[in-house]
Every structure is written in structure tokens, then in C-alpha cells.
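This briefing is meant to be read alongside the sequence and the coordinates.

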Amino acid sequence: MRKTRLFLTALVVVSVLAAPAGANAATIVMSGSTTVYPLAVDLAKAYNRRTGTKFRILQGGSDVGVADAARGRVTLGMSSRDPKAGDPGGITFYRIARDAICVVTNRARRVSNFSRRQVQAIYTGRVGGYDIFARSAPSGTQDAFQKLFLDPFRQTSAARLLGSNGQVAQAVRRNRRGIGYVSLAFTGGLNVARYQGVGCTLRKAKSGTYPGSRNLYFVSRGQAGGAAAGFIRFARSRAGSSIAARNYVPFR
Amino acid sequence: MVTVSYRQPARPQGAPAAPVARRRGWSDQRVERVLGALAVTVLVFIVGMVIFVFANGWPSFRENGLAWFGDPPGDLTVDQQIFDIFNSPAREEFYEYALNTWPLLWGTFLSTAGAVVFGVVFAVLAAVFIVEFAPPAVNKVLEPVVRLLAAVPSVIYGLIGILVLVPLVDRVLVTDEIKDSVAGVLTIDGSSLLVAVVILTVMISPIMIAIIVDALRGIPRTWTEGAAALGANRWRVMWTVSLRASRPAIIAAVVLASARAIGEAIMLSMVAGSSGFAPNPLDGFLFFLEPIRPYAATIVDNREGLTVAPFGDTIYAFAAVLLVSALFLSLAGWAAKQPLKRYGVQV
């Protein structure tokens, strides 16, 4: 009984102490790109550990992020596409990382280069001879592949829709007719084809010459200030870049 | 409403009173209240969960009506519909909900029914062997192994499937001619209805074997000895007396196994083919090599997108269908047992 009471007292004391700390800490609300989402969550976790800043992060596509940021509904939007003409005025894009998507085939089939045309022909089902692996709908990689490689065509329903980069890599690795697309980090053991004559490498992606790569952004209304500015600085710092480097091309 | 009451049976006359503990322990009355409260909590939790899932999935059903279970129209496939739902415009008025899930429903049915049909035959024969024919030495190993198999996490079966069975089927059964014959329509690569059913059968059989073994052991000796005395051999006794009397247990086993098969997500997501395709039995041999993706696997594959409003609603709708099928399964199991009660068969 005494122990229980002690425990309860401790609980009350802790919550009383914790309450003002929580009230003081800023909250950053974010929404947008599903590609940036996992990166934002990782960055947010690390930043929360350092500063106690709280986060609420929702996903819903780059356009949602840009629109929400422009209307001031969120502190920061997330976008995996470049700014475009039709965007609402008065917003700022902050580049935080890059993402490259490689088209891969089985080692048994050493395709050295794919043109955009060839990729489109295979992934719309017009050309046979390949076992096609793709990603399920919510995948950011899928979204990027659609926009960077396939647009304006629609991916064939013959494609197997797998849940992760790793699964696609595994499926292509064991299937001599396999073709798939994965983020840079997952190309081990696979034949990585050049795309439009440019090799899918970290260096080419960093420099921006690889056409299958794109920038990942945080978007704010006006200039980012306060907690948001701090978070962007963190995302671009050496510590933030080392988090991004796990799956993306880091800012630094 | 269910009233929960776990009253102690009256203490028989003359029985000694419960020993009085020196430290004041919990009285029976308090235990009863606490346990009752726990039981009610579980009930409230389940009801709350069902309401939550249905409320969240409702928009998807409302927008599609009964066509939700239908075949996608024209050139559209269910996978393309899922993509469209995910890429809905951000404004609520323009949310995309159109969805026809026949291929997923058919896939769920095929994998579950296939596994249960093969599994029940296998389980009955295995149980008969264990109870009646196996030497005790074999049984000592066999029974613990069966119970262990029932507890193996499904992701391990999935790994075995994706690393061993799928490549095997791809190498042995799938020729390049088959692949080329469906190019642009399907990708046939070994992960298929066939592998899904085979692994699912292996997964659900141990539960069925365990239940049926228990039932066969529970048959009164006098019944079997009576039959043996009339000159029936062991197989005939099993077939005509023990198995007949165990029918309710077999039904219970089928219901439990179906529930597990319907809800199986990870393993099927790994080996079943991840394609919203409805295999056509008229395709002959190809039918078994065609990919499926049941509801549960679809939920797993798409869980990343839950925060996209219309997409999240759609995933909850899949969950609601799974919940209802679980409910119907137990109802069907209960109904199937009713006629047997007339013969005084108890489980």
C-alpha cells in the first residue's frame, strides 16, 4: 500500500514538473509529401531529443504540403517536387535533401542504359520480356517514379506492387527477367542501368545531372522563423545530413 | 446487453469455512467485482473497436454502395483505383472514393477456402494417425512439434515462402512461354495463388490437428470398444464412430483455421503476388500461378498512406470487411453445430 502511494505521488510530481516544460516547447505541424515524410519523422525525432520541440506530421502528397503551407495551416509543408509556376505566392522552398531513383535489372541481364522511352514502354506493358516490379500506391518512390519516368503514362496493372525498396530489390535479384526501381541505397547486388545515358550514382544525383533525381523540400509561408527555422537549420546540418544519408542524398 | 456474473457456487453444508488469512486478503466478493469489471472492459473494448473501424470506413461504403464488392468497370483495375484514391485532390469535395474490390474479395476467398479444404483433410488424417495408429515413441515427438508449429509466427512462413518456395515455383513450373503469354497483363514470377495456398495450409493445419486430436481423445472408450466388439477394425471404428462423434470439433477447427487464414496478412503480402488480380479458373494450369492480394495483405501493403484522408477511409473499409467476416465465421460455426446437438453430441 505504501509503495503504491509512493508511486502515485511520484507520478503526480513528475507530471506537474513535466507539464510546464511541455507547455513551453514549440510545436511544429507539418504536412505533405509521402517521400519526405519518413525523412521528416526521423529528423523530427532527433530534433525533439535535442530541443524538446514537439511535432505533428501528416502526409498527403507534395501539393497538399505546398497548399497547406501557403494557407498557414501548417508550420512547414513537405514537398518532393520543385517549385512550379502555379504555386501560390509568398512561399519559400528550403531544399533539405535529394532523392535518386535507379532502374535496376537482374545481374543476369546486363542492360547498360534505359531511355525514357524504353522505361515507359516496359512499365506501360507495351513491351514484354520483363517481370515488372513496382511499389504500392502510398510509396513516395512510386510517386517519384510516376512523375520522373512515366509521366504522362499510367503504370500497367501487370506490375507487382511491393511494399518496400528492399522487397523490390529482393524480387529483382532472384528473378532473371526482373526489372524494378529503387532508391539509391538499395541497389546492392543488382544491375543498375544508366538512365538517359547518366549513371545512377550518389555523385551524379548530388550534382543534379541524373534525370531520375529530385529535390526534397520543406516549404514555409514567407521566410521560416522561430522553431521552424531552427528545424530547417538542423535538417541541413551535419547531424541532419547524416540522418538523411541513410536513405537519401544528403544536403551536405 | 450481456450481464457478467461469476457467482461462487454455494458452499456445501458442513464444508469448512475458507481459512481466515492473517493479513487481510481480497474477499471473494472483491475478486468477483474486479474480474467482472475486467470482463466488461474487454467487451467495451471490442465494441468500441468495431464502431471505430466502421465509422472510419463508412465513407468508402457510402460512396460505392454494393458496387464496393463488384468488379472494376472497363479497363480500370482495382490497383489503379487504389492509386487514384491515394492521389485524391486535397479538398474534401473532390476526394476520390471509387473502388470495386472483387479481385481482393476473390483472392481472400480463394486463399482461405483452398487452405481450409486441403488443411482439413490433412488435419483429420493426421489426427487419426496420432490418436489411433502412431506408436507412442513417435507421438512423443509428433505432438509437441504440431503444437510448436501452431505457434510459429507467420512472418517466418513468409520468409520461407519468399526465399525457397517462390523461386522454386518460378524455376520449375513457370516457363518463359508462360511469362510471355501474359506479358503486359500479368507478371508471373512464382509468387502466386499456389504458393499462398500451400503455405497457408501448412500454417493452419497444426491448429486443426490439435483441436481434432483433443476431440478424438475425448471420445468415451465404451463407444469405440463397443464398435470394436462388433467386429469393426480400427480404421472403421475411427471412421464410423470417433470421427462422426467429433464432427463439432472438426467444425470448430475449420472455423478457427478460417479466421486465421482470412486475417493472415504479412505472409500473404510476401508470397501471394501483390497484385489486385482475380485468377480465373478457366485459365487451367495458369490459374494456380496467377497472383492474388487478399484484403489483409492489401492493408499491410498500403498502411503507409493512412494519413491521406480518403485512402485511410478505404483501408478502414477493408478492415471492416475482415471484422464482419470473422463475425460471420463464428456465427456459421455455431449454426453448423446446432443439428449435431440433437444427437447429444457435445464438444
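Predicted model: local features only at pLDDT ≥ 70, side-chain atom pairs only at ≥ 80, totals over all residues.

- In soluble globular proteins, nonpolar side chains tend to be buried together.
- Leaving aside residues up to four places away in sequence, Tyr123(A) touches a set of residues of chain A, among them Ile132(A), Phe133(A), Ala134(A), Phe145(A), Leu150(A) and Ile179(A).
- The contacts of Tyr123(A) also include Arg154(A), Gln155(A), Thr156(A), Gly180(A) and Tyr181(A), again not counting residues up to four places away in sequence.

**Arg177(A) and its partners**

- Arg177(A) lies in the loop between helix 6 and strand 8 of chain A, and with a relative accessible area of 7% this residue is buried.
- Asp131(A) and Arg177(A) form a salt bridge in which the closest N and O atoms are 3.7 Å apart. This pair links distant parts of the chain, since Asp131(A) belongs to strand 6 (residues 131–135) of chain A whereas Arg177(A) sits in the loop between helix 6 (165–174) and strand 8 (178–183), 46 residues apart.
- Both Asp131(A) and Arg177(A) are buried.
- The side chain of Arg177(A) also makes a polar contact, at 3.1 Å, with the side chain of Asp180(B).
- Not counting residues up to four places away in sequence, Arg177(A) touches Arg109(A), Gly129(A), Tyr130(A) and Asp131(A) in chain A, together with Asp176(B), Lys179(B) and Asp180(B) in chain B.

**Other salt bridges and the network**

- Side chains of opposite charge can pair when their charged atoms come close.
- A salt bridge joins the side chains of Asp170(B) and Lys179(B) at 3.2 Å, N to O; Asp170(B) is buried, with a relative accessible area of 10%, and Lys179(B) likewise counts as buried, at 4% relative accessibility.
- A network of salt bridges links Asp131(A), Arg160(A), Arg174(A), Arg176(A) and Arg177(A) with Asp170(B), Asp176(B), Lys179(B), Asp180(B) and Asp189(B).
- Asp68(A) and Arg73(A) meet through their side chains in a salt bridge of 3.0 Å, N to O.
- Within the Asp68(A)–Arg73(A) pair, Asp68(A) is buried, because its relative accessible area is 10%, whereas Arg73(A) is exposed, because its relative accessible area is 56%.

**Chain A as a whole**

- Chain A contains nine helices and 12 strands, and its C-alpha trace spans about 70 × 50 × 30 Å along the principal axes.
- Of the 252 residues in chain A, 54% are buried.
- The accessible surface of chain A comes to about 11300 Å², and carbon and sulfur atoms account for 54% of that area.
- Among the contacts in chain A with a separation of 6 or more, 76% are made by residues 24 or more positions apart.

Note on methods:
Residues numbered from 1 in each chain as written. Chains lettered and ligands numbered in written order. Heavy atoms only, no water. Salt bridge = Lys/Arg side-chain N within 4 Å of Asp/Glu carboxyl O. Buried < 20%, exposed > 50% of the residue type's maximum accessible area, 1.4 Å probe, protein only. Helix = DSSP H or I, 4+ residues; strand = E, 2+ residues; numbered from the N terminus. Contact = heavy atoms within 4.5 Å. Polar contact = N/O pair within 3.5 Å; in protein donor to acceptor, adjacent residues only side chain to side chain. Areas by Shrake-Rupley, 256 points an atom, 1.4 Å probe, with all protein chains shown as cover.
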